[in-house]
Protein chains: 2
Amino acid sequence: MRQAALGYTGMMTEQNPLIVFTPSGKRGRFAMGTPVLTAARQLGVDIDSVCGGRAICGRCQINIGEGEFAKHGITSLASHVNARTETEARYDRIKGLASDRRLSCQTRIEGDLVVDVPPESQVHKQVVRKEADTRVIALDPATHLYYIEVEEPDMHKPSSDLERVYGALKSQWDIENLSTDLGVLAGLQKALRKGEWKITCAVFSRPAGGGNRLAAIWPGYHDNLFGLAIDVGSTTIAAHLTNLSSGEVAASAGLMNPQIRFGEDLMSRVSYVMMNAGGEKELTSAIRGALNELAKAVAKQAGIEITDILEVVLVGNPVMHHLFLGIDPTELGGAPFALADGLALTFPARDMGLHLNHGAFAYVLPCIAGHVGADAAAMALSEAPHESDEIMLCVDVGTNAEIILGSKQRLLACSSPTGPAFEGAQISCGQRAAPGAIERLRIDPATLEPRYKVIGCDLWSDEAGFEQAVADTGVTGICGSGIIEAIAEMYLAGIISQDGLMDGGFAVRSPRIESYKRTFNYIIRQPTDNSGPIIRITQNDVRAIQMAKAALYAGVRLLMDKLGIDAPDKIRLAGAFGSHIDMKYAMILGLIPDCDLARVQSAGNAAGTGARIALLNKAARDEIEKLVRRIEKIETAVEPMFQQHLVEAMAIPHKTAAFTELKKVVTLPPPKTVETLGADGSGRPPRRRG
Amino acid sequence: MRQAALGYTGMMTEQNPLIVFTPSGKRGRFAMGTPVLTAARQLGVDIDSVCGGRAICGRCQINIGEGEFAKHGITSLASHVNARTETEARYDRIKGLASDRRLSCQTRIEGDLVVDVPPESQVHKQVVRKEADTRVIALDPATHLYYIEVEEPDMHKPSSDLERVYGALKSQWDIENLSTDLGVLAGLQKALRKGEWKITCAVFSRPAGGGNRLAAIWPGYHDNLFGLAIDVGSTTIAAHLTNLSSGEVAASAGLMNPQIRFGEDLMSRVSYVMMNAGGEKELTSAIRGALNELAKAVAKQAGIEITDILEVVLVGNPVMHHLFLGIDPTELGGAPFALADGLALTFPARDMGLHLNHGAFAYVLPCIAGHVGADAAAMALSEAPHESDEIMLCVDVGTNAEIILGSKQRLLACSSPTGPAFEGAQISCGQRAAPGAIERLRIDPATLEPRYKVIGCDLWSDEAGFEQAVADTGVTGICGSGIIEAIAEMYLAGIISQDGLMDGGFAVRSPRIESYKRTFNYIIRQPTDNSGPIIRITQNDVRAIQMAKAALYAGVRLLMDKLGIDAPDKIRLAGAFGSHIDMKYAMILGLIPDCDLARVQSAGNAAGTGARIALLNKAARDEIEKLVRRIEKIETAVEPMFQQHLVEAMAIPHKTAAFTELKKVVTLPPPKTVETLGADGSGRPPRRRG
């Protein structure tokens with residue numbers, strides 16, 4: 001800052017030119033002719049470079065801009081640097097260089113300067129997430145590329161090729177404590193000679209144990225460096241191929257988890273393992289096969305070589321976590337639900353049978369507890385309750401709900417056995433969220449007539465052209481979010497009572513209330529032809545959802561008790577369920593505690609986002625490892641209050657913020673006659689007319 | 001030492017009892033009832049223990065002995081400790097405990113004590129080598145076993161099994177910074193439950209990068225920990241299975257290098273790789289197959305499981321080194337002879353395709369230069385020229401001679417292209433050292449009659465019963481040491497001149513001098529029946545040996561020049577050649593420079609010994625890595641003086657210490673008549689009669 005104080009007057013003297021970098025504000029004086037990149041490095045200015053100042057990578061682009069000096073009346077700075085060089089012209093011809101851009105490695109200081117480093121030239125670019133209030137992550141992956149020029153062998157000073165590569169990484173990039181593997185060694189000599197003693201090295205800075213790992217090499221200059229962030233769900237596996245130089249997602253792909261053939265839900269897969277010798281190997285092999293398939297698919301989609309993938313970050317619930325790691329999940333199937341490993345793991349991806357670059361590393365986020373997995377850890381990394389001043393509730397709803405509650409002061413986690421009802425399983429007409437599934441539903445409280453939307457169709461069922469629009473997929477069932485809305489609307493319409501009982505008295509008002517073995521069903525859809533199934537909600541369906549939501553709420557309630565609060569300040573619902581569900585209905589049914597509705601949001605694929613954060617920023621790995629140790633783990637199975645909360649949460653609450661908004665006074669209209677149901681006298685509900 | 005000064009008077013007071021350990025002399029005062037093992041640990045006394053004081057391993061045995069106190073008139077110390085416990089009695093019943101021995105973990109201090117720690121109870125036992133003047137290595141391998149008791153999972157404090165294992169290693173053994181691999185994780189939960197929360201852990205303390213690696217686990221107490229030291233020679237591969245707890249060699253086995261089918265000598269194998277696409281993979285696969293075969297053989301021989309092998313240390317010349325690592329050796333086939341890697345390597349043995357314990361680590365010693373391999377580094381570790389005050393010459397003779405010269409002041413290394421003549425190749429009747437090969441030979445200077453010994457037979461050829469004794473093997477050829485002796489004896493007898501020319505004039509004195517195409521041969525053996533080949537030394541054979549010995553000497557001479565000396569103070573010849581050769585004859589021929597014959601010794605299998613040292617003592621790995629960096633590498637190909645030395649060294653020297661001892665005045669006896677050659681007039685030399 002002493003130099004900065006001398007700043008302007010310096011221009012008038014014989015002193016060295018002053019250079020100021022924006023946006024960092026870093027400044028200093030350098031001898032005439034100093035390359036701008038050199039000056040930037042000496043000042044610690046964040047300018048990217050893979051080729052180390054050889055005008056190959058084009059990462060170090062700058063603008064010679066107007067800035068502080070302009071304020072002092074200097075309008076032309078062009079003469080304060082050398083003219084665009086032949087090297088830059090060549091770069092422009094090959095890769096393109098905007099007219100206002102220079103390569104900082106080729107730009108020499110010839111007078112006082114203001115240099116702007118655009119975001120894309122910064123090493124630690126901010127990887128901004130789309131959502132408004134979420135975290136901003138700086139790009140700083142564990143693997144970097146380094147272009148080096150290696151000394152040729154000299155019989156007068158015998159040394160091995162590897163030693164000279166290490167020497168170049170030290171002298172040209174200041175990287176030490178290197179080790180490597182046999183795969184790199186096997187290709188080293190050919191790469192050096194093919195690249196005429198110029199190679200690009202991928203260095204991984206976080207191997208287990210420490211040091212730096214020379215993970216891969218390419219002859220000459222190589223600019224492709226990618227990582228995979230994979231969220232291994234019980235139902236679907238989602239992979240995001242991410243450019244580790246830009247932070248951009250290059251391709252995404254999803255796949256059904258092929259383990260489904262061994263059991264729809266987690267516990268049936270654990271049972272499969274328990275009942276079949278070697279079953280865990282089949283399940284591991286299935287999931288690893290799918291991971292390789294996904295990797296190939298995204299590489300193809302992005303037009304890169306699979307060997308350009310140097311890292312993979314994996315998350316998943318504890319059972320998936322164990323299975324992709326090759327660990328028998330049997331212990332997770334019963335008390336005391338002991339995880340084999342809850343710590344983060346770093347290991348060569350090939351040890352997991354993944355066919356990426358031979359030197360690629362896998363990082364697996366830590367699990368939190370027996371039923372709170374690495375996916376929940378990833379959600380924590382994504383939603384960052386540990387950075388929140390307010391109390392935040394984060395929930396990932398699956399067969400088990402993984403729940404994290406707290407703030408930067410204190411964090412608690414538990415899981416709650418919601419079962420698969422929220423995913424449409426164990427519901428009479430339930431199905432997975434797929435085209436043909438009812439996902440939205442409204443009931444007219446006066447007529448008890450439903451209107452609904454189906455996945456894959458933009459029209460509501462009472463809009464013109466709906467039946468034609470769904471002709472292909474049919475209306476095949478009702479998915480998780482549809483069930484929630486249906487039951488909440490039934491409650492709002494008075495069809496079910498607060499304790500979840502279907503009111504048979506309504507049968508006289510509408511033939512949609514159907515009597516069935518001493519209980520009642522609510523008929524949503526009954527096609528006139530046999531084009532599809534009758535879709536209805538049964539009393540058992542209501543009970544299943546009540547059980548699930550009671551479990552979820554009881555887990556949350558337990559953590560709120562521990563924290564001594566009655567409601568969180570904000571809520572994030574993660575996963576597919578969280579993305580599809582209408583928060584109002586979730587709150588009407590009491591899935592989640594009372595909260596200002598505006599502060600209840602979907603966290604999207606928080607697990608996938610967390611995986612991507614750990615992929616893009618190596619410090620995030622330390623962060624989540626530290627955080628997970630700090631989270632207090634609550635096992636609901638040993639908490640006496642959990643059962644009580646569960647029982648109490650069976651009923652549908654009558655006062656929630658959402659309820660207040662939506663609950664209308666249902667004035668009983670006069671009973672309708674059977675005739676209104678349809679001209680054919682079949683008793684079917686009438687179809688809406690377009 | 002203040003406590004020691006108080007020592008004796010302390011007995012008279014109320015102070016805590018004094019305990020003195022021998023042979024270390026460490027002493028201190030401890031509360032009554034303190035276990036002796038606890039006292040030993042607090043004082044830093046070197047007592048072994050795997051089970052951590054649970055009377056399982058029996059490693060911590062001590063003698064409650066007479067010692068310092070006895071000198072003060074105390075004769076009975078028995079009452080100063082508790083009586084043998086039931087636990088010790090049980091140990092005695094199961095594994096045996098000598099009557100004068102106690103388990104220090106069970107022995108409690110009940111008064112002043114002298115405790116003797118016998119060598120076998122010391123952790124850092126000295127692993128003494130057989131040879132008189134060689135190094136004493138303390139046992140301190142990179143892998144140790146630790147028996148731990150692990151907390152059971154507790155739903156009130158959820159934590160993963162691995163975390164509790166790490167916690168036990170920290171609290172019970174003070175081991176931190178642990179990482180592990182997927183193999184250990186896959187077996188962890190079953191092992192813990194099978195062992196009822198007691199397991200034995202193998203921890204490897206030198207993974208690449210740092211930290212400690214949990215390499216393997218066994219349920220309950222496990223006492224078998226082995227390592228393999230393997231010397232991969234071009235011709236033979238030798239493996240020594242070593243008990244890492246006792247330092248003892250449990251089994252040894254050798255195998256012909258199966259790469260021989262791709263070429264007898266190194267350069268023909270390199271040529272094979274150059275001429276055949278994928279040839280390096282065939283060679284790598286062949287050698288790795290042999291390594292696995294050897295591992296299985298030694299494990300079977302020692303009666304252990306292959307999974308008890310947790311470490312493997314490998315050495316070999318640069319071509320073997322590259323091939324077992326899976327590196328194409330082509331670059332070693334021509335100038336500038338660049339090694340892919342000259343640094344030491346540590347990696348999971350499975351990465352090399354070795355089927356030992358899944359978590360076993362491989363350590364490969366560093367190479368010194370393009371033709372001075374990890375075997376030469378191992379020789380340096382074994383012979384320790386860097387610890388010598390005197391100038392030491394260490395030579396490993398193979399297709400290339402690997403030469404190290406110097407002392408603790410300065411060390412130089414080079415290789416010299418001796419070719420395969422010393423191994424019996426390129427010699428008309430040459431063969432590898434195997435039963436039937438002539439290995440010793442004397443020539444009567446008066447009669448020019450030879451007498452010789454054959455491998456596999458204890459008799460000399462002129463002793464009774466020789467022909468019967470060799471009837472099975474036959475006399476099939478002459479091996480390296482035999483050729484050296486034959487040519488040296490021919491020189492001593494005057495048959496060849498100092499410049500290596502066979503003197504045709506001798507043909508008149510003995511039919512053993514045979515004329516052949518303008519040169520002469522010396523017939524060693526010509527069977528009367530056709531029971532075997534005629535064995536002779538040709539002029540070309542003499543020339544081949546002259547070339548080889550000149551190359552060897554020129555390399556040594558070059559290093560002596562650099563060091564400014566004319567002779568080393570001592571010489572070690574390593575390898576099979578060094579073991580079999582008679583040093584006198586080597587010196588007569590001028591293979592090695594003049595030196596006091598008493599100070600010229602075989603180093604035995606120095607490469608194998610060096611590998612074993614690196615296996616048994618982890619600090620030796622640091623030592624050799626540091627040493628190799630310090631050794632000055634001389635490339636003979638670029639040294640102008642090398643060629644001159646080579647030419648000059650072709651002649652047989654006429655004044656060496658050995659020559660002085662052996663050279664007898666050869667008085668020419670009167671010419672013999674043809675009749676003396678044999679009764680059948682065939683011209684065959686007469687057979688010696690038993």
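In the predicted model, the two copies meet through the same surface, because 100% of the interface residues of chain B are also interface residues in chain A.

Within chain A, four domains are assigned: domain 1 covers residues 3-121, domain 2 covers 124-364, domain 3 is made of 382-418 + 546-663, and domain 4 covers 429-537. Contact between them involves 14 residues of domain 1 of chain A and 12 residues of domain 2 of chain A. Together, domain 1 and domain 2 of chain A bury about 1100 Å², of which 47% is on carbon and sulfur atoms. On the side of domain 1 of chain A, 48% of the area buried against domain 2 of chain A comes from A:Val50, A:Arg54 and A:Arg59, more than from any other three residues.

Polar and charged groups also take part in this interface. Between domain 1 and domain 2 of chain A there are 2 salt bridges, and 5 residue pairs are in polar contact, both residues being at pLDDT 80 or more. The side of domain 1 of chain A that touches domain 2 of chain A consists of 5 nonpolar, 2 polar and 7 charged residues. The side chain of A:Arg54 forms a salt bridge with that of A:Glu149, with an N to O distance of 2.8 Å.

Notes. Residues are numbered from 1 along each chain as its sequence is written. Chains are lettered from A and ligands numbered from 1 in the order in which they are written. This is a predicted model: local features need pLDDT of at least 70, side-chain atom pairs count only at pLDDT 80 or more; totals for chains, interfaces and linings use all residues. Side-chain values use heavy atoms; hydrogens and water are left out. Domain bounds come from an automatic or database domain assignment. Contact means heavy atoms within 4.5 Å. Buried area is the accessible area (1.4 Å probe) that two parts lose on being put together, summed over both. A salt bridge is a side-chain nitrogen of Lys or Arg within 4 Å of a carboxyl oxygen of Asp or Glu. A polar contact is a pair of N or O atoms within 3.5 Å; within protein, one must be able to donate a hydrogen and the other to accept it, and residues adjacent in sequence count only if both atoms are side-chain atoms. Ala, Val, Leu, Ile, Met, Phe, Trp, Tyr, Cys and Pro count as nonpolar, Asp, Glu, Lys and Arg as charged, and the others, Gly among them, as polar.
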